[in-house]
Amino acid sequence: ANVTCVYFSRFLFILKCDVSCMCASGKYSSRGPALIPRMKTKHRIYYITLFSVVLLGLIATGMFQFWPHSIESTADWGLDRRSVHDAPLIRLPVSNPIPERGDLSCRMHTCFDVYRCGYNPKNRIKVYIYPLQRFVDEVGVPISSTGLSREYNNLLSAISDSEFYTDDVTRACLFVPSIDVLNQNSLRIRETAQALAMLPRWDKGMNHLLFNMLPGGPPDYNTALDVPRDRALLAGGGFSTWTYRQGYDVSIPVYSPLSADVELPERQPGPRRYFILSSQTAIHREYRAELERLKEENGEALLLLDKCSNLSQGVASARKRCYKGQVFDYPQILQESSFCVVLRGARLGQATLSDVLQAGCVPVILADSYILPFSEVLDWKRASVVIPEEKLPEMYTILKSIPHRQVEEMQRQARWFWDAYFSSMKAIGMTTLQIINDRIYPYAACTYEQWNNPPLVKWSSVNSPLFLPLIPPRSPGFTAVVLTYDRIESLFRVITEISKVPSLAKLLVVWNNQNKSPPEDSLWPKIAAPLKVVRTKENKLSNRFFPYDEIETEAVLAIDDDIIMLTSDELQFGYEVWREFPDRLVGYPGRLHLWDHEMGKWKYESEWTNEVSMVLTGAAFYHKYFNYLYTYKMPGDIKNWVDAHMNCEDIAMNFLVANITGKAPIKVTPRKKFKCPECTAIDGLSLDQTHMVERSECINKFASVFGTMPLKVVEHRADPVLYKDDFPEKLKSFPNIGSL
Amino acid sequence: MQAKKRYLFLLSAGACLVLLFYFGGVQLPASGRNRHDRSHNGYRPDQPWPHFSDPLQQFLPWDQLDTEEYNIHISPRQKRDVNTSVYKGKRCRMDSCFDFSACKKNDFKVYVYPQQKGEKISESYQNILSTIEGSRFYTTDPGQACLFILSLDTLDRDSLSPQYVHNLKTKVQNLHLWNNGRNHLIFNLYSGTWPDYTEDLGFDIGQAMLAKASISTENFRPNFDVSIPLFSKEHPRTGGDRGYLKYNSIPPFRKYMLVFKGKRYLTGIGSDTRNALYHVHNQEDVVLLTTCKHGKDWQKHKDARCDKDNAEYDKYDYREMLHNSTFCLVPRGRRLGSFRFLEALQAACVPVMLSNGWELPFSEIINWNTAAVIGDERLLLQIPSTVRSIHQDKILALRQQTQFLWEAYFSSMEKIVLTTLEIIQDRVLQQESRSTLMWNSHPGGLFALPQYSAHLGDFPFYYATLGIKPYPKFTAVIHAVTPLVSQSQPILKLLVAVAKSPYCAQVRSHKRVCVMSSRFLPYETIVTDAVLSLDEDTVLSTTEVDFAFTVWQSFPERLVGYPARSHFWDSNKERWGYTSKWTNDYSMVLTGAAIYHRYYHFLYTNFLPASLKGMVDQLANCEDILMNFLVSAVTKLPPIKVTQKKQYKETMMGQSSRASRWADPDHFAQRQTCMNKFASWFGGMPLVHSQMRLDPVLFKDQVSILRKKYRDIERL
């Protein structure tokens, strides 16, 4: 930002020039007529000068408005480039204290100061990054041969750009040193440890997070960073089960430098040219011998690649692999195989894993005791095959037994893991912080589905909010909610009819007419169940779906004030069916949506069809949860749109329920003529042509808001077990069904 | 002059415009310059990371890519051996302390040491042993076994307890199969005693695995030990009570927000949190009650708050609070775990854990974040605001998950023990193990057997979660008994009718080789998700089959059938009754004509114990009842009856052998006996009643028959 400002001052200088020029021309013009006799030419000059001044002014304005954004990036290269060499040099005295070795018993509740994170309405930890310092020992030799690496710089940049970042050290919950320990090979262990201990907030490593990808060194290659680090958390690549402190450390992948260089387009999952591919170069000779034996047994299905002997080390050699003189491009060749072997080297964590995932190849991981990257949250069972090293000879048989569909799913999953968690240092860093964040605020943690479902599955899958298979008891009954405007006579008949239903717990009349008061108490029909009248503030259809506190049962019967033709048996039976399907809409009149091929859009159908995809909420049972959902969680502007159009609230409800549960509604009992002599009933209206057009429009509108067509079509309806059976009527629980 | 004026006016206007920019611009750079200066003048410690643009080195230079030349070092095989010798005792892992070779040949078999005479075994441990002996893992041959269970009671290792078994050390060492505890599993509920309650069992467990309650993360060996819940002596052996959640009320808040009622330890280990609870207690919706009245000499230690606390404590009833609270506080006691945890789980009261360092029960497989709030003892004072910040939708989900987990893994001792064994089995048979999804979603890991398929889409339970649908074809399996002699046999008609269905992928018939269970064998030739199971004398039309199949596609995890039966509780005889009468409800459909998922073939064959399958084979009866029990136990829902053309009346059956079977007077009595036998094995009655039947949408409606798709069903 500061650089931008420098540019502004230079820019202003140019502007000043403009002004002075303009003034000069002004003077010239005042004097002009006396000197030059030809007025027309003179005018033309004035005109041109003026025009150019105004034009320049306009350009200047434009630059002011739009330039600064692009300035930043160019300025980085220009005037004030920030360089790692500007960082202060710190000399480490030999006598500086060395932290203790990492404590294996450390856990979040013993080695992590949770008070620093505090209560936080956003449930997000704050991360502080120490400013860069260059540490050298007493004779001036740096503590690390590489200094700040490109990857670590990217990682810290990503953190500082993220919402986790804070520049206020006093408010930070997690501290990330700027000392790069990604690769232990380039570190001087003792001095690095001393440097860590010198950090101003080190405090025995409390709440400090170190990122390390290549731990250990020859000859025994320990599986965790050897730098003594007190209580610091370690995000390490290549932990074994003996060094990983479960719930404290984070296992991260080893970043593959090829990720940034090579772009592999996503491939459709499916069978590929090779069945198993081994592309690693540093494989122990014992294992290579075993792989070769497998190759002999299974021939073409296996491709066993190695280093190309004729290429010198470097980028070129990293991008090629050879098999008996045949040269293959790496990592492109990985896309040609269904399974790719990721065998342990001296270290457990292998960068190959990242390449393999990127290629959408299913990793076959042979690394005993290895803690897979991000295993705390990722379900590797769905993306990889883990085989004990001992069973390497049986690898082919094991992989062959995996069903095709599973292989395809694993391929998709593997690629998704790479996209989301492996593809860049930013992805790795953000995932690590999110995992730690989830531990500190476990009640706000990301769910298994959020971590593991690829976008496609997230989109098509449903996780019903009422997922427990539960048949609620009959006893609480249901609350009938009658929406009414002013048809009092019909309303009273409906109330009297409903009051005969045994399981009615309460009757709620939603009085939607603001101009008229409901009739006096004495005029209402006398019924056994309590009756409540709710007056609304506005005449809106959504009032019928408001989660009123008065509704104390979970079952709601929404009913119009003109539905007088349903018998008490039918209503009671509807309630019994709802109990078996509490997460669905259970209603009487059924409707269907159809795809109109001619018009290329959805069409509403109310004829006698063999299929049902909606039930009208003029008479339907549903869970009160959906009231809450309709009122507060309806996607897009549907709710207001319905209120404005005074139509389609029932279609909206069907969309909502089908979308969240993925299930079809249940139509109960045979079709009836929903007509009454003194009112325009649903069917009467439905016949109206314009009404049908409107309803079709609703379906199209909702489908576009939901981005999909959630409605499910079924060909069944629910009847009592003995419906129409040759059996004495009086022995049937619900004899009065379907009569007109 | 006119023109000149005009130009002048324009000129001045332009000048003004430019001046405006000039002055407007002056301020911008001024403020900018300040910031710029600051960054130059001194080192500003609080600036964001500067995104260095130097050409930096890679952390892993290209030429170092394969520096891991370890060919010169020891071979991987030797390295493995080194691990096994180094990582012992507290650092045991499956890789170092478990002998996989014992399990290879014979799947996963468990051996229980024979009980020594005179050895005192508590009822709880006796239950654990008998559960294992009744399970499909049990073997009597130690040579076949992969896992060994002691018949010495190790549940209570509190040396002050009356259940404490003395001299365990020598007793264990004398076992000839002990092998320093390798492949042994030791169950333990209590360890250590006052005052420090260590987690030491008081004898050398060697390389044995622990299935232990109240285990701390510090002592827990990940993927080696199993953390089990603390359960009481009264915990039912099989079946167990269902969860208390009966309905999902909206809004999901109950009378209290957060409750606790329990002892307060004034001093010693684990006393801090409970001593501080009164800070959070508000007498309204956060009710945290403690009492000092426990132990003989509580008066001696009592502090200033004791009397007030005790009075408050007696005002509330524990059960009432448990059932009427949204959240239940589960603080640590002397030990990390407490009975309260399971009580809260069953009561659908979302547990709020305050037990730092407790490795939660079955933490290896259960994602507790979906069913509990994991708090931190250090942040006790934040707990009320934390639970209040949890959204209603989340509460609804948490509450339902408590019920799922309770019923899937905790409601009986059998489930706890089997879950423990299944977890170890998953580790042993790595390739055939469950994913997290299978453990954490309905119907849970005990009913989802990974040996069936590695692909989640092959199970009937995960279609919605994966966003996929079952394969839209079925395989008809006809159970044939009589040899084919004439062209008029019903089986031929049936074959024709079924084969006509557009959804039919293949028809298979198999001869009964005198065993009934063979009907439900997981034949590899069944490749479709749906199976249409038929008897040879079943009378069905193509339309009926088509309709039933479209219904099944909506309910792939259930049994969809035609003739239905019902069960009832016969209170006079105190046992379950079976009825084939026409009733207003049903709880079973006969598998002589039913569609279901092929997974149930696998489950029937591999999940059910030999005793029940043997009984079915012996009687040549009840296989359909057993199938109904199994499916309802898995789904917790009734089967689905669809409409059919002709009534499938047992008495009106034709000439076939089946008719003679139905006519047999013993037949009915047998079925009654079967039901009671099955119910006792399942530990309860899994069957659920339904009052509805599914018919085609226009069934018997007053509309032209030509409009109807399934018109044949109505014709007689």
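Predicted model: local features only at pLDDT ≥ 70, side-chain atom pairs only at ≥ 80, totals over all residues.

Start with strand S18 of chain B, which covers residues 564-570. Is this strand mostly covered or mostly open? It is mostly covered, as 5 of its 7 residues are buried.

Now look at its partners. Strand S19 of chain B, residues 575-579, is joined to S18(B) by 5 bridges. The two strands run antiparallel. Pick out one pair: Ser566(B) has Thr579(B) in S19(B) as its bridge partner. S18(B) and S19(B) make a hairpin, with 4 residues between them. In that turn sits Glu574(B), whose phi is positive, about 55 degrees.

S18(B) also pairs with strand S20 of chain B, residues 588-589. Here 2 bridges do the joining, and the strands again run antiparallel. Ala564(B) stands opposite Val589(B) in S20(B).

Next, go inside. In soluble globular proteins, nonpolar side chains tend to be buried together. The largest nonpolar core in this model has 108 residues. Which members touch the most others? They are Ile125(A), Ile159(A), Phe211(A), Ile440(A) and Phe327(B). Helix H13 of chain A, residues 425-440, gives the largest share of this core, with 7 residues.

Zoom in on Phe327(B). Leave aside its neighbours within four places in sequence. Phe327(B) is then in contact with residues including Met257(B), Leu258(B), Val259(B), Cys349(B) and Val350(B). Val373(B), Ile390(B) and Leu398(B) are also among its contacts.

Turn to chain A for a contrast in pairing. Three strands form an open sheet there, in the order S5-S6-S7, and the pairing is parallel. Why do S5 and S7 each have a side without a neighbour in the sheet? Both stand at the edges, each with a single partner strand, so one side of each is left without a neighbour in the sheet. S6(A), residues 233-236, pairs with S7(A) over 2 bridges. Ala235(A) stands opposite Val250(A) in S7(A).

Now the surface. Tyr47(A), Ile48(A), Phe51(A), Leu55(A), Leu56(A) and Ile59(A) make a nonpolar patch of about 610 Å². Take Leu55(A) from that group. It belongs to helix H2 of chain A, residues 39-66. Its relative accessibility is 41%, so Leu55(A) counts as partly exposed.

Finish with two prolines in chain A. Pro200(A) is in the loop between helix H6 and S5. Its relative accessibility is 70%, so Pro200(A) counts as exposed. Tyr130(A) is 70 residues away along the chain, but the C-alpha atoms of the pair are separated by 9.1 Å.

Pro519(A) lies in the loop between strands S16 and S17 of chain A. Is Pro519(A) buried or exposed? At 14% relative accessibility, Pro519(A) counts as buried. Beyond residues up to four places away in sequence, Pro519(A) touches Ile488(A), Phe492(A), Trp511(A) and Trp524(A).

Methods:
Residues numbered from 1 in each chain as written. Chains lettered and ligands numbered in written order. Heavy atoms only, no water. Core = buried A, V, L, I, M, F, W, Y, C linked by side-chain atoms within 4.5 Å. Buried < 20%, exposed > 50% of the residue type's maximum accessible area, 1.4 Å probe, protein only. Contact = heavy atoms within 4.5 Å. Pairing = 2+ DSSP bridges. Patch = residues over 30% accessible without salt bridge, like charges linked within 9 Å, V, L, I, M, F, W, Y side chains within 5 Å. Areas by Shrake-Rupley, 256 points an atom, 1.4 Å probe, with all protein chains shown as cover. Salt bridge = Lys/Arg side-chain N within 4 Å of Asp/Glu carboxyl O.
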